[in-house]
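Welcome, and thanks for taking a look at this one with me. Below is a short tour, arranged by topic so that you can follow along in your viewer.

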Amino acid sequence: MIQEDKRFNEGIIILKEILSNIPSDYQYRTIEGDTEYIEFWDKEEFLEYVEFVKKTGSQLNVKWIGNIYPKACYFITVALLETNDILSAEKYLQTGLSLEMDNPLLLNEMGMLSTYKAKAYNDLNYYKEGIKYFRKAFDSRPYITKYLKARALRGIGFCEIELQNYDNAEIYFNESLEYEQNGTAMNELLYIKMSKKGLKVPITTNLSGGPSFKEINDLNKDVESTKPNKLKSFFKIFMKN
């Protein structure tokens with residue numbers, strides 16, 4: 001545990017330095033002539049947007065630029081939550097949303113942060129707040145990957161379980177499986193089924209807010225040539241066993 005805390009603290013130091021250099025005129029999306037430059041977070045988001053653009057009939061060419069600052073806000077939020085620094089995590093997450101206000105991953109993480117608050121402050125109202133953010137994440141853009149839609153629905157389902165609204169939770173977890181087959185959702189559905197029968201079962205709800213290895217690798221590969229060297233150092237720390 002001490003080694004884990006050290007790893008996250010080292011990552012936080014690097015990310016704070018990166019985020020101290022956010023340009024005052026930062027924009028994650030710009031248009032120059034017939035080309036639209038967007039800082040996508042991963043290949044799936046890029047492909048989803050390209051397909052969306054085709055449907056709109058737009059003649060703009062879409063150029064993928066590696067995302068730096070909003071994504072760094074996401075990672076520092078995850079690291080800070082791992083060290084139980086909820087207030088700082090919320091500050092950086094708000095910064096990320098000020099840079100990219102409709103990003104579904106940041107909105108999902110805001111829902112996750114609400115669940116941390118619910119437990120830290122022993123206040124169920126934060127689960128209701130979390131549901132609002134997860135719903136906002138689900139509807140945030142006309143182009144959202146199935147993975148992020150499923151993640152938002154699982155978030156709602158998790159909050160509904162904590163509020164003991166088992167019927168609602170079951171609906172959302174089942175809907176999430178229409179977008180992505182996920183072991184966590186299946187485990188939660190089993191938990192709900194047993195709970196509704198009055199069986200005493202150990203609480204299994206554990207909504208992970210951390211990035212998957214796929215997300216970390218995608219970000220690391222995104223921009224070997226365009227991201228600050230300090231961000232590469234962060235990945236070396238984060239990916240340590």
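Predicted model: local features only at pLDDT ≥ 70, side-chain atom pairs only at ≥ 80, totals over all residues.

Residues are numbered from 1 along each chain as its sequence is written, and side-chain values use heavy atoms, with hydrogens and water left out.

**Overall make-up**

- The chain holds 11 helices and three strands; both are DSSP runs numbered from the N terminus, with helices being H or I of at least four residues and strands E of at least two.
- Read from the N terminus, the order of elements is α-β-β-α-β-α-α-α-α-α-α-α-α-α.
- Of the 241 residues in the chain, 47% are buried; here buried means under 20% relative accessible area, exposed over 50%, and partly exposed in between (1.4 Å probe, protein chains only).
- The chain has an accessible surface of about 12,900 Å², and carbon and sulfur atoms contribute 50% of that; these areas come from the Shrake-Rupley method with a 1.4 Å probe, and for residues only the protein chains shown count as cover.
- Among the contacts in the chain with a separation of 6 or more, 66% are between residues 24 or more positions apart, a contact being heavy atoms within 4.5 Å.

**The sheet**

- Three strands make an open sheet in the order β1-β2-β3, with mixed pairing; two strands pair if DSSP finds at least two bridges between them.
- Its edge strands are β1 (29–32) and β3 (61–66), each of which pairs on one side only.
- On average, neighbouring strands of this sheet are turned by 25° against each other, direction ignored; the axes are lines fitted to C-alpha atoms (for helices over the stretch in contact), and angles run from 0 to 180 degrees between N-to-C directions.
- β1 and β2 run antiparallel and are joined by four bridges; as one example, threonine 30 has tyrosine 37 in β2 as its bridge partner.
- β2 (residues 35–40) and β3 run parallel, joined by six bridges, and glutamate 39 has isoleucine 65 in β3 as its bridge partner.
- How does the chain get from β2 to β3? It passes through helix α2 (residues 43–56), giving a right-handed β-α-β crossover; right-handed means that, with the strands pointing away from the viewer, the path from the first strand over the helix to the second runs clockwise.

- Leucine 15 belongs to helix α1 (residues 2–19), while isoleucine 76 sits in helix α3 (residues 69–82).
- Leucine 15 is buried because its relative accessible area is 0%, and isoleucine 76 counts as buried because its relative accessibility is 0%.
- These two residues are 61 residues apart along the chain, yet their C-alpha atoms are separated by 6.3 Å.
- Leaving out residues up to four places away in sequence, isoleucine 76 touches Ile12, Leu15, Lys16, Leu19 and Tyr92.
- Leucine 15 also pairs up for a distance check with cysteine 73: they are 58 residues apart in sequence and 7.9 Å apart in space, C-alpha to C-alpha.

**A buried loop residue**

- Asparagine 182 lies in the loop between α8 (166–179) and α9 (183–196).
- Is asparagine 182 buried or exposed? It counts as buried, because its relative accessibility is 16%.
- A polar atom of the asparagine 182 side chain lies 3.1 Å from the backbone nitrogen of alanine 185.
- Not counting residues up to four places away in sequence, asparagine 182 touches Arg154 and Leu177.

**Exposed loop residues with positive phi**

- Asparagine 84 lies in the loop between α3 and α4 (86–99), and its phi is near 65°, a positive value in a residue other than glycine.
- Asparagine 84 is exposed because its relative accessible area is 63%.
- Glutamine 164 is placed in the loop between α7 (146–162) and α8; its phi is near 65°, again a positive value in a residue other than glycine.
- Glutamine 164 is exposed because its relative accessible area is 58%.

Conventions: Polar contact = N/O pair within 3.5 Å; in protein donor to acceptor, adjacent residues only side chain to side chain.
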